[in-house]
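Subject: Structure handover

Hello,

Here is the structure we discussed. Please open it alongside this email; my notes follow.

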Amino acid sequence: MEDKTVGFAVCGSFCTHAKAMEALEQVKARFERVVPIVSEITASTDTRFGKAHDLMREMERICDHRVICTVKGAEPIGPQKLLDLLIIAPCTGNTLGKLAAGVTDTSVTMAAKAHLRNCKPLLIAPSTNDGLAASAASIGTLLPRKYIYFVPFGQDDFEKKPTSLVSDFSQVADAAQAALEGKQLQPLLLRA
């Protein structure tokens, strides 16, 4: 187990939360300390994919750490230099757009801003129905930025949802290791 502290942030791509929890288990098996973070929407929204409370309790069980779910709770990540790496998995189109534009109005975007001020890696696992439409510009803006890495992603259903992108959550832990080494896990774009 590597002696690192990793933040694991979850946004509201609710259909991918089960895969995100599997990825969280793999990350926790690889890194000594994992700090769970959820967006306010994730913390307060029950869906057909599960209850918000149950998701947060599962994250706390895996990480043995309280979930950060407010802007105020996420702000100390920067000045206290709490993390070696921050993972956002899943990262919605909304959060991609905010990261690209420098908007800091959620717990997840605050965690990212606070973390990046320390010149440490941010790993993004996009999951958005408009990844090849409106969110494509955000992905394009973030790809060349220093300290930002992506979990490999591709189209999840090109026939029914031709603009939808989703990350391969089974590669989150490997992509995290690569990001800590200053490398982008390749290939970045997955074939259908």
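S138 sits in helix α7, which spans residues 136-142. This is a predicted model, so read everything below as computed. Is S138 buried or exposed? Buried: its relative accessible area is 12%, and the cut-off for that label is under 20%. Leaving out residues up to four places away in sequence, S138 touches L96, G97 and A100. Helix α5 covers residues 93-101.

Next, the cores. The largest nonpolar core has 33 residues. Which of them touch the most other members? They are F8, V27 and I87. Several elements give two or more residues to this core: strands β1 (2-10), β2 (31-38), β3 (85-91) and β4 (122-128), plus helices α1 (17-30), α3 (52-63) and α8 (172-180). The largest share comes from α8, with 6 residues. As general background, nonpolar side chains in soluble globular proteins tend to be buried together.

I87 deserves a look of its own. Sequence neighbours up to four places away aside, I87 touches V6, G7, F8, A9, V27, L123, V172 and A176. Two of these, F8 and V27, are named with I87 as the members touching the most others in the largest core. L123 is also the bridge partner of I87 in β4.

Now the strands. How many residues of β3 are buried? The count is 7 of 7. L85, I87, A89 and C91 point one way from the strand. L86, I88 and P90 point the other way. Both sets are buried. In a regular strand, side chains alternate between the two faces of the sheet.

β3 has parallel partners in β1 and β4. It pairs with β1 over 4 bridges, in the parallel sense. There, G7 has L86 as its bridge partner. β3 and β4 also run parallel, joined by 4 bridges. β1 pairs with β2 as well: 7 bridges, again parallel. E2 is bridged to F31 in β2. β2 is mostly covered, with 6 of its 8 residues buried.

On to helix α6, residues 107-116. Why call it largely enclosed by the rest of the structure? Because 8 of its 10 residues are buried. These are S107, V108, T109, M110, A111, A112, A114 and H115.

α6 packs against α5. The two axes come within 10 Å and cross at roughly 35 degrees. The crossing is right-handed. From α5, the contact involves T95, K98 and L99. From α6, it involves V108, T109 and A112. By type, the contact residues divide into 3 nonpolar, 2 polar and 1 charged.

Last, C69. It is found in the loop between α3 and α4 (71-74). C69 counts as partly exposed, at 27% relative accessibility. C69 and I37 are 32 residues apart in sequence, yet their C-alpha atoms are 5.9 Å apart. Neighbours within four places in sequence aside, C69 is in contact with V38, E40, A43 and S107. One of these, S107, is among the buried residues of α6.

Best regards

How values were computed. Residues numbered from 1 in each chain as written. Predicted model: local features only at pLDDT ≥ 70, side-chain atom pairs only at ≥ 80, totals over all residues. Heavy atoms only, no water. Buried < 20%, exposed > 50% of the residue type's maximum accessible area, 1.4 Å probe, protein only. Contact = heavy atoms within 4.5 Å. Core = buried A, V, L, I, M, F, W, Y, C linked by side-chain atoms within 4.5 Å. Pairing = 2+ DSSP bridges. Axes fitted to C-alpha atoms, helices over the stretch in contact; angles between N-to-C directions. Left-handed = near helix turned anticlockwise from the far one by under 90°. Nonpolar A, V, L, I, M, F, W, Y, C, P; charged D, E, K, R; others polar.
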